[in-house]
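Could you walk me through this model in my viewer, one selection at a time? I would like to know what to pick next and what I will find there.

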Amino acid sequence: MATSANPTRDDFAALLNEHLGGENENFEGRVVKGTVTGIENDLAVIDVGLKSEGRVPLREFAAPGQKAELKVGDEVEVYVDRVENHQGEAMLSRDRARREAAWDNLETEYAAGNRVEGVIFGRVKGGFTVDLSGAVAFLPGSQVDIRPVRDVQPLMDLPQPFQILKMDRRRGNIVVSRRAILEETRAEQRTGLIQNLAEGQVIDGMVKNITDYGAFVDLGGIDGLLHVTDLSYKRVNHPSEVLNIGDTVKVQIIRINRDTQRISLGMKQLESDPWEGAQAKYPIGGVFQGRVTNITEYGAFVELEAGIEGLVHVSEMSWTKKNVHPGKIVSTSQEVEVAVLEVDEEKRRISLGLKQAQANPWAAFAEKHPVGSELEGEVKNSTEFGLFIGLEGDVDGMVHMSDIAWGISGEDALNLHHKGEMVKAVVLDVDVEKERISLGMKQLERGGVSAAGASGGAGVNKNDIVTVTVLEVRDGGLEVQIGEDGATGFLKRTDLGRDRDEQRPERFQVGQKFDAMVTGFDRSKKPNFSIKAMQIAEEKQAVAQYGSSDSGASLGDILGEALKQRNS
């Protein structure tokens, strides 16, 4: 080959390639075999058949945390990065050789879904680094173990199996999981253990974890859930009231789901059921002592015995306190007397009543204060239709606006009284079932209440014509009385006569007597009178008896004839 007097660098490279047979270009980027020709300090000198030897750190020939066992004459595989650097030495790498070989092997194992062996050797953000025979993989923190691991140090530098989750050779990215291996192993163990268990079986276990809804019990390699409702027949607010982590407990297997490998456990099933014969032990109407265990918006739960609880609904808590939160009537752990209202053994429910175990204040009031009794009380509230009066026994009675005063409208009568005022009233009616007491204030004026019932005082009936005496003249009408000691009543201004001139109360005087018709009775059974109604009734009777004005006789002639017959 002809050359110039001053050869160039390219000429020299061409001569070198020619001398080496043109194979240098094929060396770079390949894994080749070489021989260890010497060991200098921490470096191994390796001859791969190139013009010059290369040096590789000894640490690249050892696994993480181990010492390299290498001697002169050993044959090793290395990766040729460059045939020659600026110092004329070959640039070799044992790590790259191992990595390339590892990637080939890992791709095969990943495609087959097989496990691979690796060593955790470092910590990075979000996880750890794993050496997979030369290839570096990432182990996320969530994939280290089934449960969170606080100290990973015991797992470092320890060969162990991993599952490849994802790998990308072009980007040099591998993600592995140790947790997947543990879960698979545990699933195999669980399957074997479940085969030896049966529903109804009683077995010992250890409390492994406690939650708000129950406890997990280790049955020897497999966990079962002991729900809070299956701990005891009595109320348990939190499992920690009964169990502690590490306790050994005897449990019964209630259910086994072999598909999901879930096991439900129970402790109360090993005890006798207190609900058996509950209907006989707690007859309806019976009064028993109990303890308040829980208070809700709709009532309170009372424990009659361990395992048997009944509900006192808010409507059954007090005779007099309505629309009050149960917590203002009873408190937790308070001992109370309750009456049994209903028992359902099948549904394990008992309805209880707190007020039924106490005297009914409405019945007590009716017995002590019959209709017609006079009493005194404080005005608790004034409404648009009447006054509520506070009475003994913590009950209220109502005075309707029409029973406050005679001769004025109900609205005006309401304005005469205010909250907190002490007033006197008379009992008009007591309805124990509906818990209502009707009172009257105006009935205390002039003779009080008529106790003769719907027929009025002294046998007076509706539509009777009676002689009354004026007791008092008011703007709205007259207060009158039948006879000397008969029933009193009110005669409204509009009932004083048919004509407007006759409807003047001032034309009457106290003590004056006249006839009037009984038109009905008010709420207190006092009669209502009307002169106007009497006149209309007499006119109708006269027309019917003595002829019609249509026959030619005038109304004056007919009434005159009727008056003549009445006086004869």
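Leaving aside its neighbours within four places in sequence, which residues is Leu-391 in contact with? Select Leu-391 in this predicted model and you will find Phe-365, Leu-375, Asp-396, Gly-397, Ile-437 and Leu-439 in contact with it, once neighbours within four places in sequence are set aside.

In soluble globular proteins, nonpolar side chains tend to be buried together.

Five of them close into a barrel, in the order β21-β22-β23-β25-β24, with mixed pairing. On average, neighbouring strands of this sheet are turned by 55° against each other, direction ignored. Zoom in on β21 (residues 374-382) and β22 (residues 386-391): they run antiparallel and are joined by four bridges. Here Ser-382 stands opposite Leu-387 in β22.

For the last stop, pick Lys-268, in the loop between β15 (262-266) and α5 (278-281). Lys-268 is buried yet has no salt bridge. The nearest side chain of opposite charge, Asp-230, is 4.2 Å away, and the cut-off for a salt bridge is 4 Å. Leaving aside neighbours within four places in sequence, Lys-268 is in contact with Thr-229, Asp-230, Leu-231, Ser-232 and Tyr-233.

How values were computed. Residues are numbered from 1 along each chain as its sequence is written. This is a predicted model: local features need pLDDT of at least 70, side-chain atom pairs count only at pLDDT 80 or more; totals for chains, interfaces and linings use all residues. Side-chain values use heavy atoms; hydrogens and water are left out. Two strands pair if DSSP finds at least two bridges between them. Helices (H or I, at least four residues) and strands (E, at least two) are DSSP runs, numbered from the N terminus. Axes are lines fitted to C-alpha atoms, for helices over the stretch in contact, and angles run from 0 to 180 degrees between N-to-C directions. Contact means heavy atoms within 4.5 Å. Buried means under 20% relative accessible area, exposed over 50%, partly exposed in between (1.4 Å probe, protein chains only). Lys and Arg count as positive and Asp and Glu as negative; His and the chain ends are not counted.
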